[in-house]
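Dear colleague,

I am handing over the structure below for your files.

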2 protein chains.
Amino acid sequence: MHHTLSVTVQDKPGVLARVASMCSLRGFNIRSLAVGPIHHAGLSKITLVVDDVEVEQVTKQLHKLVNILKVSELDPNESLEREVMLVRVSADPGTRREVRDTAEVFGATTIDVGANSVTFELCDHPQRLTDFLSLVAHYGVLDLVKSGRIAMARDGKAKTRSTAGEQ
Amino acid sequence: MHHTLSVTVQDKPGVLARVASMCSLRGFNIRSLAVGPIHHAGLSKITLVVDDVEVEQVTKQLHKLVNILKVSELDPNESLEREVMLVRVSADPGTRREVRDTAEVFGATTIDVGANSVTFELCDHPQRLTDFLSLVAHYGVLDLVKSGRIAMARDGKAKTRSTAGEQ
């Protein structure tokens with residue numbers, strides 16, 4: 001079981017380094033990390049996925065760092081979670097149709113075709129990405145890149161373990 | 001102008017911290033960072049977007065770090081680039097139709113509707129995400145989370161400035 005933390009930070013040099021270093025020094029296992037700017041100028045959001053047993057400690061330590069404005073834990077049942085991946089699957093003209101049929105069921109988009117490969121884009125819940133990958137694995141995965149999970153609370157749903165403090 | 005680097009790393013504690021700290025210490029401006037596991041057990045890929053003037057220095061410094069296996073620069077004309085975002089836009093029942101029409105043009109998916117908001121998922125080229133955001137900005141953006149850019153070379157396209165070395 002793992003937990004998703006949404007961390008609002010100021011766009012200052014070194015803020016990502018401090019978050020990553022803190023987790024590394026304390027031995028926290030980061031399962032996924034995604035970072036991007038938000039709608040307020042000068043702010044970014046880091047989406048962190050950490051292990052169950054570590055979530056309280058990670059939250060506590062994050063609050064001690066400078067340039068961290070807010071840390072919210074997102075309840076998986078009351079939040080929207082997405083991840084995007086690009087995956088290149090081995091497929092010759094004989095198996096291409098079969099591979100693309102599998103992809104179609106998952107709503108994956110074909111974005112590149114080579115002599116012996118097809119490349120798909122799939123944007124969905126992280127678990128669906130895992131399911132798709134295990135289905136195409138036996139054809140052979142030639143290349144893969146994943147974005148890490150992003151998440152947002154559903155409209156009107158309270159966030160748990162949410163705390164705020166300007167530093 | 002900015003450049004996209006695809007960095008293959010070993011899944012060892014602190015590797016992300018070392019990458020982020022090196023960039024921070026040397027004053028490199030990370031415009032975007034996404035990290036996720038790949039198809040080889042024990043390896044992950046970090047997609048970094050950095051400024052034009054810094055790309056050579058960043059590449060050189062990355063090679064000096066432990067647990068970094070490969071650094072490739074991806075030519076934007078010969079690579080597939082994607083990013084996913086969740087964006088909650090202010091919309092009452094009167095403006096909801098209008099907001100959703102705009103979203104439809106961009107291929108954004110409605111994933112949540114509240115009394116005064118609509119939440120969209122958009123997965124596309126990073127520039128398209130920026131274009132969509134500037135179009136819906138005047139309705140009011142209530143919440144936003146972005147994954148950071150991921151990228152992969154098109155099939156058969158040579159990568160530039162690519163280097164490999166087990167460390």
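The model is a predicted one, and its largest pocket has a volume of about 900 Å³. This pocket is lined by 38 residues, of which Asn29(A), Ile30(A), Arg31(A), Ser32(A) and Pro37(B) are the closest to its centre. Sorted by class, the lining of the largest pocket comprises 18 nonpolar, 13 polar and seven charged residues.

The second largest pocket holds about 500 Å³ of space. Its lining has 24 residues, and the closest to the centre are Asp11(A), Lys12(A), Val15(A), Asn29(B) and Ile30(B). Several elements give two or more residues to this lining: from chain A they are β1 (2-10), α1 (15-25), β2 (30-37) and β3 (43-51), and from chain B they are α1 (15-25) and β2 (30-37). The largest share, four residues, is that of β2(B). By class, the lining of the second largest pocket is made up of 13 nonpolar, eight polar and three charged residues.

**Strand β1(A) and helix α1(A)**

Two of the elements that line the second largest pocket, β1 and α1 of chain A, deserve a description of their own. Of the nine residues of β1(A), eight are buried, so the strand is largely enclosed by the rest of the structure. β1(A) pairs with β3(A) in the antiparallel sense, over nine bridges; within this pairing, Thr8(A) has Lys45(A) of β3(A) as its bridge partner. β1(A) also runs antiparallel to strand β4 (residues 68-74) of chain A, to which six bridges join it. In that case Thr4(A) has Leu74(A) of β4(A) as its bridge partner.

In helix α1(A), the buried residues include Val15(A), Leu16(A), Ala17(A), Val19(A), Ala20(A), Met22(A) and Cys23(A). An α-helix has 3.6 residues a turn, so residues three or four places apart point the same way. Just after α1(A), Gly27(A) adopts a positive phi of about 75 degrees.

**Domains of chain A**

The domain assignment divides chain A into domain 1 (2-79 + 152-163) and domain 2 (80-146). Between the C-alpha centres of these two domains of chain A there is a distance of 29 Å.

**Aromatic pairs**

A pair of aromatic rings is described by the distance of the centres and the angle of the planes. Over all chains, the count comes to four aromatic pairs. One of them is formed by Phe106(A) and Phe132(A); this pair is tilted, at 5.2 Å centre to centre and with 55 degrees between the planes. Phe106(A) belongs to helix α3 (residues 96-106) of chain A and Phe132(A) to helix α4 (residues 126-136) of chain A, so the pair ties together parts that are 26 residues apart in sequence. Both Phe106(A) and Phe132(A) are buried.

Phe132(A) also forms an aromatic pair with Phe120(A), and this one is edge-to-face: the centres are 6.0 Å apart and the planes stand at 85 degrees. Here too distant parts of the chain are linked, with Phe120(A) in strand β7 (residues 117-124) of chain A and Phe132(A) in helix α4 of chain A, twelve residues apart. Phe120(A) is buried, as is Phe132(A).

Yours sincerely

Key:
Residues are numbered from 1 along each chain as its sequence is written. Chains are lettered from A and ligands numbered from 1 in the order in which they are written. This is a predicted model: local features need pLDDT of at least 70, side-chain atom pairs count only at pLDDT 80 or more; totals for chains, interfaces and linings use all residues. Side-chain values use heavy atoms; hydrogens and water are left out. Rings of Phe, Tyr and Trp (its six-membered ring) pair if their centres lie within 6.5 Å; planes under 30 degrees apart count as stacked, over 60 as edge-to-face and the rest as tilted. Buried means under 20% relative accessible area, exposed over 50%, partly exposed in between (1.4 Å probe, protein chains only). Domain bounds come from an automatic or database domain assignment. On a 1 Å grid over the protein atoms alone, a cavity is a set of points where a 1.4 Å probe fits but cannot get out, and a pocket is an open set with protein on both sides within 12 Å along at least five of seven lines; lining residues have an atom within 4 Å of a point. Grid points are joined across faces, edges and corners, and a volume is the space filled by probe spheres set on the points. Ala, Val, Leu, Ile, Met, Phe, Trp, Tyr, Cys and Pro count as nonpolar, Asp, Glu, Lys and Arg as charged, and the others, Gly among them, as polar. Two strands pair if DSSP finds at least two bridges between them.
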